[in-house]
Amino acid sequence: MNPDRHARTMLPIPDRRSPGLTTYDAKDPATAFAPIEPLLPPAGAPNVLIVLLDDVGFGASSAFGGPCATPNAEKLAGGGLKFNRFHTTALCAPTRQAMLTGRNHHSVGMGSITETATSAPGNSSLRPNTKAPLAMTLKLNGYSTAQFGKCHEVPVWQSSPLGPFDAWPSGGGGFETFYGFIGGENNQWEPALYEGTTAVEPPATAEEGYHLTEDLADHAISWIRTQKALMPDKPFFVYFAPGATHAPHHVPVEWADKYKGRFADGWDAQRERTFEQQKALGVIPADAELTPRHDEIPAWDEMPDELKPVLERQMEVYAGFLEHTDHHVGRVIDAIDDLGVLGDTIVYYIIGDNGASAEGTINGAFNEMANFNGMAALETPEFMLSKMDEFGTPYSYNHYAVGWAWAMDTPFQWTKQVASHWGGTRNGAIVHWPNGIAENGGLRSQFTHCIDVAPTILEAAGLPEPTMVNGVQQSPMEGTSMLYAFNEADAAERHDLQYFEMFGNRGVYHRGWSAVTKHRTPWVMTGGALVAFDDDVWELYDGSVDYSQAQDLSAQHPERLHELQRLWLIEAVKYNVLPLDDRTADRLNPDIAGRPTLVKGTSQLLFPGMGRLSENSVVSIKNKSFTVTAELDIPSGGAQGVIIAQGGRFGGWTLFVDDGVLKFVYNVLGIHHFATTSGSRLPEGAHQVRMEFVYDGGGLAKGGDVTLRCDGEAVGTGRVEATQPLVFSADETTDVGYESGTPVSEDYTPQGSRFTGKIHWVRIDTGDDDHDHLVDANERLRVAMARQ
């Protein structure tokens, strides 16, 4: 084998020209130059496919004993390895940034999700440039790179259409191609999509059969085929990260209906069934114990009888969603196989970026945003029953109940967000690589972690960790390559120390033992009393004989517990975990959290055609008075369409014209719609229209009075009885002159929402306001035009 001619520790690899004879005439027989060779990784470097599912617990997929059929995961495991002690961080964005960099989540600024970032280094959501992502390293070594699906690593103040794009996949993330969405979740029927850094619309509608997971698989398959057709000598790195199965649980009804009646006996019985199946499959030890249900999680028999049909349907929809996702993952894998390169492709199929999500409340949710706004009480059992047939459809934004999340984390305690216990952090992982793994259907039980994926891929590709990337010296990766275990089932584990922390829930693993403390409960988003960190009760488990953390040994071994507590603190200091921060909903407010905001001040001037503006790209109008003013030209015959809309079907507000009549609609969670309508049609010609909302005050989520004006004259009044205090949507945006995504008001559809007159500008003002601001807006517009 020829030695590698590149010095790959410095990236980009410096160009080096060999000295030699330079001739005067190119026709001189002595003229000779080395051939131009494309940059390639070392010979034998494999293709790489990482599949990362979202919010799937260890006990959900059939590959690990769960009730949701995942035949493609089973098939892949049958030709490769299952890792039954693979760990994540307990939350999505932290797991993703950790996996993509090979560093602990606080080391790369992702102590929690981007929406709750603070100014603390470990929670800033800013990846230091000393920790380049794996995709960048592979690209600079000659790989073709592409990502399809979810990117939750962009700081929220950088998520507007103008970036900056340093943290976007195809910006500074190292992916040459990106097709997917930015943020924590997306509507599977009507997603907000990007191709690279350009906003694009889905190629079809839900009515035409569109679904995001299928679309992502289509794009991935097309890209892989094109890459192998045009660059067969170059290996690829594909990161396939569907939004599934994060809420909202959206799936074609026929997939959900496959599970009708399967969950009628509830989550306690389901845990028992899953536990027995896990033992039968051998994915957990024969002596493993099923951990008991905590008092905070109700028993199935304690749930109201009238709600149980809804609860059943929630789980049927989720199970269909996971099977549907596995089906499309299988299409991507089959496409690689059809090209004849699956044998030389490392496939990581990681079934969940954390434990199953318990963010859907005790009763589940028709619209999960209700709980994120502290308004879950609006979804009464009667309301849920009336909406049961809509679960999973484009008319829901649904989530399942806490009990189902607990069942999907069998045999462990707790769920997503609880980084202390394996229910939050242990996920089934499958590795398939026929040319590099001799055993088919093997099981590996070494402790592994998502930060181990990047060093594993580099070692398999024969690539060193770079010491310099784009002129910046790099810090070492903090993960440990898993390659040693691929062909040695009994090899001693090499990753023997790992801390965990999320919202104050914390733990540490060291050489088989784990010390853990649960600090807060995931589904309690607002309110609830929290004890001081020093008063948290720690537990101790011996993983060498207690796979599921079922037997607390803290009373028997207090010295070992204290030793591990000190070790957690040492690791926490080393990796920027401190200061501990157990706030959740409070940190949605950037003023409280201390992170930057894109929009400064109390007003914002917008122009027609601006769109796909995330909630963090628009001045906040929550829990305060605000006005919306627009200068319009109304054509003869009247105007129609949206002037401005924020949010969508499941929460938001819009100012629009319907058959010439000015209207304002405030939509609370898709449950209550408060409409104010002008008493007459807008006259032809140039006019200023204005909506004034006067907040009642006295706390969060209160209502207020609405006045509509045309050229300063009141033309309509109304009342909004309640508002959303924290967030309108995780995926819907603000658009001027049209509306993308789902409609705030059912008086129009997004396809028919484009304004038919002319909008010169739209201005949002918050707090105290007067009519002089209208003059300011005109003046600012004239100044802007004069500068062009």
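Analyst: One definition first. Helices are DSSP runs of H or I with at least four residues, strands are runs of E with at least two, and both are numbered from the N terminus. Note too that this is a predicted model.

User: Where does Gln 417 lie in those terms?

Analyst: Gln 417 is in the loop between helix 10 and helix 11.

User: Why does Gln 417 count as buried?

Analyst: The cut-off for buried is under 20% relative accessible area. Gln 417 has 5% relative accessibility, so Gln 417 is buried.

User: What makes the phi of Gln 417 worth a remark?

Analyst: Most residues other than glycine have a negative phi. For Gln 417, phi is near 80°, which is positive. Asp 711 is another non-glycine residue with a positive phi, near 55°. That residue lies in the loop between strand 27 (704–710) and strand 28 (713–720).

User: What makes the pair of Trp 414 and Trp 523 tilted?

Analyst: Two numbers. Ring centres must lie within 6.5 Å to pair; planes under 30 degrees apart are stacked, over 60 edge-to-face, and the rest tilted. A search of the whole structure gives 32 aromatic pairs. In the pair of Trp 414 and Trp 523, the centres are 6.3 Å apart and the planes make 35°, which is tilted. This pair links distant parts of the chain, 109 residues apart. Trp 414 is in the loop between helix 10 (402–408) and helix 11 (422–425), and Trp 523 in the loop between strand 18 (513–517) and strand 19 (539–542).

User: Are Trp 414 and Trp 523 buried or exposed?

Analyst: Buried. Trp 414 has 3% relative accessibility, and Trp 523 has a relative accessible area of 10%. The pair of Phe 693 and Tyr 695 is tilted as well, at 6.3 Å centre to centre and 45° between planes. Phe 693 is buried at 3%, and Tyr 695 is buried at 12%.

User: How do you know that the charged end of Lys 518 sits over the ring of Trp 414?

Analyst: The distance limit is 6 Å from NZ of Lys to the ring centre, along with an angle within 35 degrees of the ring normal. Lys 518 has its charged end 4.5 Å from the centre of the Trp 414 ring. Lys 82 lies over the face of Phe 64 at 5.4 Å from the ring centre.

User: Why do Asp 257 and Arg 313 count as a salt bridge?

Analyst: The limit is a side-chain nitrogen of Lys or Arg within 4 Å of a carboxyl oxygen of Asp or Glu. Asp 257 and Arg 313 meet at 2.9 Å, N to O. The two residues are 56 apart, with Asp 257 in helix 5 (residues 253–257) and Arg 313 in helix 7 (residues 308–338). Arg 313 is buried, with a relative accessible area of 10%, whereas Asp 257 is partly exposed at 31%.

User: What about the distance for Arg 273 and Asp 265, and what accessibility does each have?

Analyst: The closest N and O atoms of Arg 273 and Asp 265 are 2.6 Å apart, forming a salt bridge. Arg 273 is partly exposed at 36%, and Asp 265 is partly exposed at 38%.

User: What makes Lys 622 and Glu 615 buried?

Analyst: Lys 622 has 12% relative accessibility, so Lys 622 is buried. Glu 615 has a relative accessible area of 17% and is buried too. Their side chains meet in a salt bridge at 2.9 Å, N to O.

User: How do you know that the bond joining Leu 11 and Pro 12 is cis?

Analyst: Its omega is about -5°. Pro 12 is in the loop between strand 1 (10–11) and strand 2 (47–52). The bond from Ala 247 to Pro 248 is cis too, with omega near 5°. Most peptide bonds are trans.

Conventions:
Residues numbered from 1 in each chain as written. Predicted model: local features only at pLDDT ≥ 70, side-chain atom pairs only at ≥ 80, totals over all residues. Heavy atoms only, no water. Buried < 20%, exposed > 50% of the residue type's maximum accessible area, 1.4 Å probe, protein only. Phe/Tyr/Trp six-rings, centres within 6.5 Å; stacked < 30°, edge-to-face > 60°.
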